[in-house]
Amino acid sequence: MARIPEAELERLKAEVSLVRLVEDAGVVLTKTGKDYAGCCPFHDEATPSLIVTPAKNLFHCFGCNAAGGPIDWVMRRNGVSFRHAALLLKEGLPLAADPSACPPKQSTVRRLPPPVSLDADDHALLAQVVGYYHETLKASPEALVYLEARGLRHPELIERFRLGFANRTLGLRLPEKTRKAGAEARGRLEQLGILRDTGHEHFNGSLVVPVFDAAHQVAEIYGRKIIENLRKGTAKHLYLPGPHAGVWNLDGLAASGGEVILCEALIDAMTFWCAGFRNVTAAYGTNGVTDDHLAAFKAAGIARVLIAFDRDEAGDRAAAALADRLREAGLAAYRIEFPKGMDANEYALKVTPAAKSLGVLIRKAVWLGEGKAPAREPAIPVPSVAIPSVEIPAVPSVLPSAAEETVPLPAAVIPAAARETPAEVSEAETVISFADRRWRVRGLARNLAFDVLKVNLLAACGEAFHVDTLDLYNARARASFITQAAIELQVGEAVLKTDLGRVLLKLEEIQDASIRQATAPREPASPAMDELERQAALDLLRVPDLPARILGDFDACGIVGEATNKLVGYLAAVSRKLAAPLAIVIQSSSAAGKSSLMDAVLAFMPEEDRTQYSAMTGQSLFYMGETSLKHRILAIAEEEGASRASYALKLLQSEGELTIASTGSDPKTGDLVTREYRVEGPVMLMMTTTAIDVDEELLNRCLVLTVDEDREQTRAIHRLQREKRTLAGLVRRQERQSILAVHRNAQRMLRPLAVVNPFADQLTFLDGQTRTRRDHEKYLTLIDTIALLHQHQRPIRSATVQGQAVEYIEASLADIALANRLAHEVLGRSLDELPPQTRRVLGAVIDHVRDQARVRATSVGAVRFTRKEIRDASGWGDTQLKLHLGRLAELEYLLVHRVGQSFAYELLYDGDGAVKPHLSGLIDVAGLHAYDGARSGVPEPRSAPGRASVGGLSGAGRRAPIVAMPQDTKGSDEETAEGTESHPLRNGAAVLSYPLAASA
């Protein structure tokens, strides 16, 4: 059953005076304060117990507990239903009653005027019903909203074809069936099919489309339910009982020019009509082409029928069968082919403007006959019949205009374009004006979902205005706003409804652009380099001792000391170009400079290749753009700030990608659906921490850099800080930007090439602990990164792997030598059970204990010392010293003794505390030099870093013979060597060792 709009009910409750209603019912009211009192008509009483409150427009009887508003009063006083009472108030009918009469429990006398005449014949009676439904449609917001949603809210369409809406109010206006007149009227309407034998309206809740015959009498009525959530088994499409009769739009057929569009349903036919194709009609379903249709085609001189049935299995089958039937009748048949699974209305709504999209399909209609298709001459345009203007909210009228298309379009012409809605858009609000009416919208930017449009909306006309906050996608809220605004502005509801529809569409357009901009991947474009910048970057990448140049540029930029940390950090950032990058954790005590070191390394990298955060939530990584982190640096200011995201960071570092399944609502259906979010790697991870104990799982995946906290480093930093205040410091700050610009451009010129290590099978590594399985991978990746950094100093080779050409460069002995030197300090320190800061405290303790033993002339084991003694001797802060001494006690380097109310320490460790970092198990590069020189096929002499080619060899360590020789394809700016060619490598060839397989 169709509901009375909530806005209409609220209007009746607010505008109808309850005091007047009660007095019209014959109740004498006496004012008592702000209220009125009287004797309740619903029960016998001598003392007034009925209270009416005008401020709230409510009544309440303390004797019988009757209560409510104006509608409730009419229901009780007149014995009618809720709907009937609302209609009585809406019609404004007199409701005066005999005060001595007892209110009926259920009235059998209708107070609403009947919409039909009982003495009319059947044709006239149907016409009266159609007219009543037509007027109901124009006053029913829910029906007009449905027409708008289907693209059919066209004033000429509604008036010309007398579209209507059945909302169950027809029965309320008929006399009760218990009365003679009511039984007679209902019986006749039941015979015609308007009412069912249950007394309910046959087309209740449906859009009603009448079909007129040549005499303009109703021959058929079609009903389409306007809501989708119907009970199971409820039909959406309804007709009058009996065989189908009549043909819709006979006037359009008569002026068609010999060609007609035949749709499967009336909704589709009206879609074509609204788009400007007026020579259209509809069948009554897939098998609903009747003899009346064929007769009408013959009478109108139709020669060609364009079948526009739904593009589904049933529609295709019915179109083929209908084509045979049309050919037998002497008519040429064509098929308008929509995309699979779509009908005319759905296609017109999705592909706009409908006039052009449907026109394209008409021109491409497929011939369904045998042999060659006959020529299709342009049809005569159907003129639009003038209709008096009506007060109905509408879309712009679509009128044919032959001047818009140079090639005549069969069946119709292209209509005029839709009106553009101008708007003044600012950061705070959007203003849209129509004539003297002004609409202001605020809060649009907060709507970041396509299914929500909650805004603060102000409608103004002159000095009058109405403002409210509402969701524009809520039909009830819109209707209520329009009703109240019409009262405040003294403007017709129809005008405001049209305005609000255009405002909504404009806001959707603005919102759509805003959401797409907000959700678009933020990929900063690489700035273009001119020739001078490009040459400067190439000169940097071709420097013979590139690592030394990098360290020199760090010093020139004001980063003193920390040579190993700076170089390893730089190389780790370069590794973002590899398939499995390195990860870095910079560890130090507070204020030691860990953040400065990370910022310095990141400054050398291009802005578009780095992403920095202060902290991350547990789920934040999973919802980044799919390629937002691919081959980029993810820098996090403090490891503690990413503790909740540690699981995701571990997965991203190990697996190279993240996937998560998350439940959300479908924006179209509202149903819960599962969506998969994916973030691609690889990503280079860099973070800092002050913690001594770092998550072991994260630590195993990262290289740990420890900031130098020695006094000499502090002095060097102080000197640099003072120098910044001098003229030399000013000059250095100016030079810093040019140095960084050259390095960033150089990074942009590095290509993500694969790296082949021809010495990989000769390398060795410590294997005494299981964690070295990951450390070994870091070591090999460090070699690859050094080789990748030197790609503009190496020949770029090519190999064919499984039919695909793969470009690669080769690692040199110099790369391995540098990696060994760095690995000794970085990986060697990470394998130490003591963190570097704790190791330095241990050294200070050993020096202090030995000094005290010498002064006291006693053994080292007899010396007891306090934390204050070490603090005075070393200059360490108490907080840090307390942590490190506790760590040494836990690992049994120290023994704690209780002395009164305090503690003393005893040194148990008898070794040298200042252990230089060293990674055991690495091969001596000199041995690789001897191995490399002993290989056959290599001309002598040559330098260690650059081997121009790799020839066949018979030495140990080659696991498979080389099938053919890989060749240099190109260097950075070098031509390919003449007479060389690339070769395919079989699976198992030893040349393509780590990590080309992963890159391919």
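Author: Start with Arg-168. Arg-168 sits in the loop between β6 (164-166) and α8 (170-173). Bear in mind that this is a predicted model.

Reader: What is the phi of Arg-168 near?

Author: Phi of Arg-168 is near 75°, a positive value in a residue other than glycine. Most residues other than glycine have a negative phi.

Reader: How accessible is Arg-168?

Author: Arg-168 has 31% relative accessibility, so Arg-168 counts as partly exposed.

Reader: Next one. Where is Asn-65 found?

Author: In the loop between β4 (58-61) and β5 (67-68). Asn-65 is not a glycine, yet its phi is positive, about 65°.

Reader: Is Asn-65 buried or exposed?

Author: Exposed. The relative accessible area of Asn-65 is 56%, and exposed means over 50%.

Reader: Switching to peptide bonds. Is the one from Thr-352 to Pro-353 cis or trans?

Author: The Thr-352 to Pro-353 bond is cis, with omega near -5°. Most peptide bonds are trans.

Reader: And where is the place of Pro-353?

Author: Pro-353 lies in the loop between α14 (344-350) and α15 (354-363).

Reader: What about the bond from Gly-681 to Pro-682, cis or trans?

Author: The bond from Gly-681 to Pro-682 is cis, with omega near 0°.

Terms used:
Residues numbered from 1 in each chain as written. Predicted model: local features only at pLDDT ≥ 70, side-chain atom pairs only at ≥ 80, totals over all residues. Heavy atoms only, no water. Helix = DSSP H or I, 4+ residues; strand = E, 2+ residues; numbered from the N terminus. Buried < 20%, exposed > 50% of the residue type's maximum accessible area, 1.4 Å probe, protein only.
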